[in-house]
Amino acid sequence: MLFKRKKPEHFFITIMLAPMMVVLISFYLYPTFYNLYNSFTDLSLLGLKQGGEYIGFDNYLRLFHDEGFGHLIWNTFFWLTFVSVSLRIVLGVLLALLLNSETLKKFKLTGITRLSLLVPWATPAIVAVIAWRFMLDPREGIVNQILLSIGMVDKPIAFLAKLHTVWPVVIIIIIWNSLPLVIMSYLAALQSISKTLYEAAEIDGANEIQKFFHITLPQLMPTTIVLSLMLVVWTFNNFVYVWLTTAAGPGNYTNVLATEVFIRGFVDFELGYSSAIGMLMAVLMALFGMFYYRYLAKKEFSEIM
Amino acid sequence: MEIIHKKKTLTITIKDIVILTITGIVMIFMLYPAYWVFYGSFKKSGSLFSSERFGFTFDNYIKLFEAGFGNYILNSLFICLLAVLISTFIAVMTAYIFSRKKFRGKKWIMGTVLAGQMFPWIILITPLFIVFASLGLMNSYTGMIFIYTAISMPFSIYLLLGYLHSIPTELDEAATLDGCSPFQVLWKIIYPLMRPGIVATATYSFILCWSDYLFALAFLTKTSVKTLPLGLSLQFGEYGADWGAVMAASTVTTLPVLLLFLPIQSKMASGLTAGSVKG
């Protein structure tokens, strides 16, 4: 009886999931295992036909002993991921509060300000990079012209060639391009906070600052947890911002894991070594995701899982 | 009466001025780079950086399209539209099953699909490069459509799960009792209710594919099949590039996304963190 009732249901589920499984296996699982296998070989782009020879953990040992490895990890974790994500979260909360403020409602500016956020958000990363590179151009860029005209500098700054300005520039481009998404998410969250919470707090005599720290911030916590996870993953894995802005330069000063995978594989042709770096990235993200989900985000994803 | 009247008069406080000033600065930061690109695309060649008087011209666009830029647009449109169609179709089926049905191993399959979002796409490049080279899929529309379907699928499923969650399961049950088959429940009951979510999801996927640079860079080397971001980077990469043309190309690349974004912007933001925003 039970079997008979269940059979058409199982058939339905199998049919419906089959296309997804095909994509999942051929574009995620198979390439990952293939990549893992390649990472134990000395496969080269020039010798694709012959294939690589098994060399054990040599690629990994070489990577960990590479003198640039520490620099690479620092760039990826600190500059690319930590600085840019925490700035976006902090600025996102503050600007969402700003755009949600009574003042903007009073002057009927909420609509237009939210619409303006669409512009950087809709701009493809490559266009964002082009726009900023032109604005920061040492000879003709508007930023240098302004700095010169107000006398803040004597001669133009080559922002992308100077070590102390190159990371901030990359981060500004990332922030410009993706901060609107963060602001919009926080705006949606702000609007779902119940007014009665604030009314109750006012009756208890809470001031604005107390209301922010005891009501707004805790109520935004679930959004912060989900957003931080997404931003960390997207940024850590991102290749285009660094590649198009600096091409990992000057020298390899702004090199990150994602650009290193590309450079080793498609500039130096060492596909085996490049695969090992890629595997390191995948393992780091998997560990991060597992711990994050387990200790922070379980409740946030409970609805869909 | 008097109270109502009072509310209508605008009183400007110091706080208002501070808030308006900060808002102004933020808006300049957000809009100026895009404005500058747009403005530059209509400026006469050679006058972009100079303080010469602004001369309005369509020359940049004309030159761009004469050089065959239209071809990149068509390539991008064709590849992205087909990929979005396929990936959204797959995502709707998958999300429906994930949100409504129980089966063995569901947790594992779902976990793997959603983990696809955490995936460093760059590690797909080498394995797919080797596979594509042996299957003759390099420089092909088919290969790119497959890849864009694959990379947009996990996030589409995630977004659709959020939307499906807001549709009560009682509807499915009632329809099943009335004698609908599982396919009919999805097609006749759930699909119409999901449509706004599907539109938002498809738009998101389209933008993702439209903006992709990494996969296009790795798998498209022939000019005839290149997509917009690659075409744009060609203009940009050349030494002594024609800035006017670059600005025009940038504008052409951005405008479709901007227009697509307008109707779905509010839905996108709340959909992204759907699980966390409990209304």
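Here are some friendly questions and answers about a predicted model, working from values to the words used for them.

Q: What makes A:Ala248 count as buried or exposed?
A: Buried means under 20% relative accessible area. A:Ala248 has a relative accessible area of 1%, so A:Ala248 is called buried.

Q: Where is A:Ala248 found, and what is its phi?
A: A:Ala248 is in the loop between H11 and H12 of chain A. Its phi is positive, about 70 degrees, although A:Ala248 is not a glycine.

Q: Why is A:Ala247 called partly exposed?
A: Partly exposed is the class between buried, under 20%, and exposed, over 50%. The relative accessible area of A:Ala247 is 41%, so A:Ala247 belongs to that class. A:Ala247 also lies in the loop between H11 and H12 of chain A, and has a positive phi of about 50 degrees without being a glycine.

Q: How do you know that the peptide bond joining A:Gly249 and A:Pro250 is cis?
A: Look at omega: for this bond, omega is about 0 degrees, and the bond is cis. A:Pro250 lies in the loop between H11 and helix H12 (257-267) of chain A.

Q: Why is the largest cavity called a cavity, and what is its volume?
A: A cavity is a set of points where a 1.4 Å probe fits but cannot get out. The count comes to one cavity of 30 Å³ or more, and about 980 Å³ of space lies in the largest cavity.

Q: Which residues and elements line the largest cavity?
A: The lining has 38 residues, and those nearest the centre are A:Trp234, A:Asn238, B:Trp121, B:Tyr204 and B:Leu208. Among the elements giving two or more residues to the lining are helix H10 (208-236) of chain A and helix H9 (182-211) of chain B.

Q: How many residues of this lining are nonpolar, polar and charged?
A: The lining divides into 27 nonpolar, nine polar and two charged residues.

Notes:
Residues numbered from 1 in each chain as written. Chains lettered and ligands numbered in written order. Predicted model: local features only at pLDDT ≥ 70, side-chain atom pairs only at ≥ 80, totals over all residues. Heavy atoms only, no water. 1 Å grid on protein atoms, 1.4 Å probe; cavity = no way out; pocket = protein on both sides within 12 Å on 5 of 7 lines; lining within 4 Å. Points joined across faces, edges and corners; volume = space filled by probe spheres on them. Helix = DSSP H or I, 4+ residues; strand = E, 2+ residues; numbered from the N terminus. Nonpolar A, V, L, I, M, F, W, Y, C, P; charged D, E, K, R; others polar. Buried < 20%, exposed > 50% of the residue type's maximum accessible area, 1.4 Å probe, protein only.
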